Amino acid sequence: MMNRLFPILVSAILFSNCHNDSKPTPDRISVSEQQAVLDALGSHMHPGITDLTEAKRIPANQFLLASYYPLTPAETKAMELASKQQGSFATDLADRIHCTLTHAELRNEKNEEVNLIDTVQNPLYLQRFGLWDYDHKSCQNVGITIQTRQFFSKLKGSVQLKLQIDQGPEKLIDIPIEISINDTIK
């Protein structure tokens, strides 16, 4: 009798566990919300040194493009649901933002051209940093680490970045670069 009930019991347990996963997942956002996120990222994007460069103060071969965007209504709802559960909160929106480096003109302190590491072999991605309040709104801080082929103490020039969420709208951002290993992280 037990041998016949065992498969039914296992199926019932597995089926109930599949439906008890109450981890919040945000809904897809509208095109206008996507554009608002891209606009916010573009208007707040700024270059800086990495925490490793700030700690060591020696010539570096990487820098950071940092920005933030206000949480979307779906992210805010997911955060509220997650606050009632154990664990950490993270939505997948930052993971769905695709970054492409379209142009770069950079020079070091010796006025030598500084080239970037191939982003086809080493693709760019948005790193999710902590949440922060800006202008009384909860925002997601993000960053993109850019690798250079040459080391630099000072770096000046510009980069152009294309951002896109899923297959939605694109945003081209021109970012002036003027950093030094003696800077502090902003």
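How many aromatic pairs does a search of the whole structure find? The search finds one, and we'll get to it below. Keep in mind that this is a predicted model, where local features need pLDDT of at least 70, side-chain atom pairs count only at pLDDT 80 or more, and totals for chains, interfaces and linings use all residues. Residues are numbered from 1 along each chain as its sequence is written, and side-chain values use heavy atoms, with hydrogens and water left out.

**The chain as a whole**

- You'll find four helices and seven strands here; these are DSSP runs numbered from the N terminus, with H or I and at least four residues for helices, E and at least two for strands.
- Starting at the N terminus, the elements go α-α-β-α-β-α-β-β-β-β-β.
- The chain has 186 residues, and 34% of them count as buried, meaning under 20% relative accessible area, while exposed means over 50% and partly exposed is in between (1.4 Å probe, protein chains only).
- Take the contacts (heavy atoms within 4.5 Å) between residues at least 6 apart in sequence: 70% of them join residues at least 24 apart.
- The accessible surface is about 11800 Å², and carbon and sulfur atoms account for 53% of that; the areas come from the Shrake-Rupley method with a 1.4 Å probe.

**The aromatic pair**

- Back to that one pair: the ring centres of Tyr68 and Tyr134 are 3.7 Å apart and the planes sit at 10°, so the pair is stacked.
- For the cut-offs, rings of Phe, Tyr and Trp (its six-membered ring) pair if their centres lie within 6.5 Å; planes under 30 degrees apart are stacked, over 60 edge-to-face, and the rest tilted.
- Tyr68 is in strand β2 (residues 60-70) and Tyr134 in strand β4 (residues 127-134), so the pair links distant parts of the chain, 66 residues apart.
- Tyr68 counts as buried at 15% relative accessibility, whereas Tyr134, at 25%, is partly exposed.

**The three-stranded sheet**

- Strands β3, β6 and β7 make an open sheet in the order β3-β6-β7, with antiparallel pairing; two strands pair if DSSP finds at least two bridges between them.
- The edges are β3 and β7, each of which pairs on one side only.
- Eleven bridges join β3 (residues 97-108) to β6 (residues 154-165), and Cys99 stands opposite Leu163 in β6.
- Eleven bridges also join β6 to β7 (residues 170-180); Gln164 stands opposite Glu170, and Ser158 has Pro176 as its bridge partner.
- β6 and β7 form a hairpin with four residues between them, and Asp166 in the turn has a positive phi of about 50°.
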